[in-house]
Amino acid sequence: IAENCISIEAQGPAGAFYAIQTLRQIFTHKEIPCLFIADKPDFAYRGFYHDATRGRVPSLEGTKKMVDRLAGLKINSLQLYVEHPFDFIEFKNDGKTEDQYLTVDEILEIDQYCYDNFIDFVLCNLKKTFAS
């Protein structure tokens, strides 16, 4: 960061994305200092595991907010554990309301949103199979 400009150099799109996350953190301060940062993660894999089976089931929008927060923290893997909160075809009439499960389309949208934010999306412990 110089007085009149900000420049980012990265080895690839993910590096540039993470540099922008660092800038976002710097911009939360009242004054923006002139500085040079040479940064790389200590760990290539930085994951977050969320159990959506116990407690409240996250909505699509709530999950996207979680992804935004994880991206800001430079987390690059979201592991979402689901059992009953997934809309299994076999259990269509089990009395759940729409806010108690995630649909196939929502899971696919979460996957794309994670991809767009350089986060690997891992859906954990699907014990049943489903047809789309």
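What share of the contacts in the chain with a separation of 6 or more comes from residues 24 or more positions apart? It's 72%, where a contact means heavy atoms within 4.5 Å. This is a predicted model, so to speak of local features takes pLDDT of at least 70, side-chain atom pairs count only at pLDDT 80 or more, and totals for chains, interfaces and linings use all residues. Residues are numbered from 1 along each chain as its sequence is written, and side-chain values use heavy atoms, leaving out hydrogens and water.

**View 1. Here's the largest nonpolar core, with 19 residues.** Such a core is a set of buried (under 20% relative accessible area, 1.4 Å probe, protein chains only) Ala, Val, Leu, Ile, Met, Phe, Trp, Tyr and Cys residues joined through side-chain atoms within 4.5 Å.

**View 2. Phe17 and Phe118 make a tilted aromatic pair.** Rings of Phe, Tyr and Trp (its six-membered ring) pair if their centres lie within 6.5 Å; planes under 30 degrees apart are stacked, over 60 edge-to-face, and the rest tilted. Here the centres are 5.0 Å apart and the planes 40°. The partners sit 101 residues apart in the chain.

**View 3. Tyr49 and Tyr81 are tilted too, at 6.3 Å and 45°.** Tyr81 is buried, at 10% relative accessible area.

**View 4. The charged end of Arg46 sits over the ring of Tyr18.** That takes CZ of Arg, or NZ of Lys, within 6 Å of the ring centre and within 35 degrees of the ring normal; for Arg46, the distance is 5.3 Å.

Technical notes
Buried < 20%, exposed > 50% of the residue type's maximum accessible area, 1.4 Å probe, protein only. Helix = DSSP H or I, 4+ residues; strand = E, 2+ residues; numbered from the N terminus.
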